[in-house]
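Let's take a walk through this one together, starting with the whole chain and then stopping at a few spots along the way.

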Amino acid sequence: LGDPGCLFLDTANEDNPCPTHYTLEATNPCGEQFLPPYSNCCLGSIAVQRFVIDGEFGREFDWERYSETVFLAANFLDDVVDANRYVDSVPELAQAAMDERRIGLGIMGLADALFLLGLPYDSMEGRSFAAELMEMTRFHALRASVERAKTRGPFGWYEDSIYRPEN
């Protein structure tokens, strides 16, 4: 039930990070990421329950180690873009990967982390923790991307993307 779900192409195209290069037309059934033709996304997840530690006053989340892990994971996934073996007979795959350098860093184990921290899953405290966790994930992944761009240069489509400050 529920597959293929509901897709709002107008909304997806409004949020398109590289609107001058492509228009989104569809997504695969899982729909975790809208992709243009020949595009791909290098995905990875961080097991957040592993950052719950025994602190001075009980269990707590190790935010410092988590932010370091996010930074490292984002750099790792970007390295995977270079290390991937793309299909030689379809050169558009490698070109799209280099032009976009698209990575997807997510989390897993949120319910376990909440349980270990004693936070009910559907509570204001649980939702606040999840929101803070994802904000930290986004911030440190973007920080890694910016630092990497300083040393390696930005992704190929950067000039026409929504990430360029002038756009």
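What share of the contacts in the protein with a separation of 6 or more comes from residues 24 or more positions apart? The figure is 64%, where contact means heavy atoms within 4.5 Å. Before going further, keep in mind that this is a predicted model, in which local features need pLDDT of at least 70, side-chain atom pairs count only at pLDDT 80 or more, and totals for chains, interfaces and linings use all residues. Residues are numbered from 1 along each chain as its sequence is written, and side-chain values use heavy atoms, with hydrogens and water left out.

Now the overall picture. The protein has five helices and four strands, taken as DSSP runs numbered from the N terminus (helices are H or I with at least four residues, strands are E with at least two). Follow the sequence and you read α-β-β-β-α-α-β-α-α. The C-alpha trace spans about 55 × 45 × 35 Å along its principal axes. Of the 167 residues, 33% are buried, on a scale where buried is under 20% relative accessible area, exposed is over 50% and partly exposed lies in between (1.4 Å probe, protein chains only).

Leaving aside residues up to four places away in sequence, P19 touches D160 and I162. As for S161, its C-alpha atom is 7.1 Å from that of P19, although the two are 142 residues apart along the chain.

Next, have a look at β2 (residues 52-55) and β3 (residues 58-61). These strands pair in the antiparallel sense over four bridges; for two strands to pair, DSSP has to find at least two bridges between them. A hairpin through two residues joins β2 to β3, and V52 stands opposite F61 in β3.

Finally, turn to the helices. Two packed helices are described by the angle between their axes and the distance between the axes. For α4 (residues 110-117) and α5 (residues 124-152), the angle is about 125° and the axes are 11 Å apart. The two are therefore oblique to each other. On the α4 side L110, L114 and L117 take part, meeting G126, F129, A130 and L133 in α5. By class, this contact of α4 with α5 has six nonpolar, one polar and no charged residues.

How values were computed:
Axes fitted to C-alpha atoms, helices over the stretch in contact; angles between N-to-C directions. Parallel < 35°, antiparallel > 145°, perpendicular 65-115°, else oblique. Nonpolar A, V, L, I, M, F, W, Y, C, P; charged D, E, K, R; others polar.
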